[in-house]
Amino acid sequence: MYRLARAILPDMKAKHWGRIVNIGSEVFETGVGNFSVYVAAKGGQKGWTYSMASELAPYGITVNIIAPGWIITERHSDVPQEKLDAYAKTIPVGRMGTPVDIAHSVAYLCEPGSSFVTGQTICVNGGRNPF
């Protein structure tokens with residue numbers, strides 16, 4: 001995230017326009033046990049996002065973070081179904097999220113119409129808001 005920003009920021013600053021959307025996780029808010037290193041990394045990512053949003057706003061660059069709930073992807077193929085079902089029961093909208101749900105949120109943050117949205121965390125988790 002830092003290296004990519006260093007590579008793209010000179011052009012964004014010169015154009016006075018840009019969008020940076022980081023993908024975080026709800027685990028920072030929930031403090032999920034047995035994932036302390038991952039949770040700490042996501043916390044650092046969130047702090048960096050907020051700081052950069054403030055620093056880059058004068059250049060017309062927005063910096064936000066999407067914090068998804070548990071989105072089932074190929075890397076979760078070995079998760080027992082009962083664990084997935086238990087998590088799904090905690091989601092008010094009644095279903096697991098999909099990568100498309102995340103993509104729509106990222107697309108919104110990249111639109112010109114979102115120019116007043118910066119330094120924000122958008123939780124894409126079906127209303128599962130323990131924070």
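Predicted model: local features only at pLDDT ≥ 70, side-chain atom pairs only at ≥ 80, totals over all residues.
Colleague: How do the axes of helix H1 and helix H3 run, roughly parallel, roughly antiparallel, roughly perpendicular or oblique?

Modeller: The axes of H1, residues 2-15, and H3, residues 36-56, come within 13 Å and cross at roughly 15°. Because angles under 35 degrees count as roughly parallel, H1 is to be described relative to H3 as roughly parallel.

Colleague: Which class of residue, nonpolar, polar or charged, has six members in the contact of H1 with H3?

Modeller: On the H1 side the contact involves Tyr2, Ala5, Leu9 and Lys13, which meet Trp48, Met52 and Leu56 in H3. Among these residues one is charged and none is polar, while the class with six members is nonpolar.

Colleague: What is the geometry of the aromatic pair that a search of the whole structure finds?

Modeller: The search finds one such pair, and its rings belong to Trp70 and Tyr87, with centres 5.3 Å apart and planes at 80°. Since planes over 60 degrees apart count as edge-to-face, the geometry of this pair is edge-to-face.

Colleague: How many residues apart in sequence are the parts that this pair ties together?

Modeller: Trp70 lies in the loop between strand S2 (61-68) and helix H4 (81-88), whereas Tyr87 lies in helix H4 itself. The pair therefore ties together parts whose separation in sequence is 17 residues.

Colleague: Is Trp70 buried or exposed?

Modeller: The relative accessible area of Trp70 is 19%, and the cut-off for a buried residue is under 20%. Trp70 therefore counts as buried.

Note on methods. Residues numbered from 1 in each chain as written. Heavy atoms only, no water. Axes fitted to C-alpha atoms, helices over the stretch in contact; angles between N-to-C directions. Helix = DSSP H or I, 4+ residues; strand = E, 2+ residues; numbered from the N terminus. Parallel < 35°, antiparallel > 145°, perpendicular 65-115°, else oblique. Contact = heavy atoms within 4.5 Å. Nonpolar A, V, L, I, M, F, W, Y, C, P; charged D, E, K, R; others polar. Phe/Tyr/Trp six-rings, centres within 6.5 Å; stacked < 30°, edge-to-face > 60°. Buried < 20%, exposed > 50% of the residue type's maximum accessible area, 1.4 Å probe, protein only.
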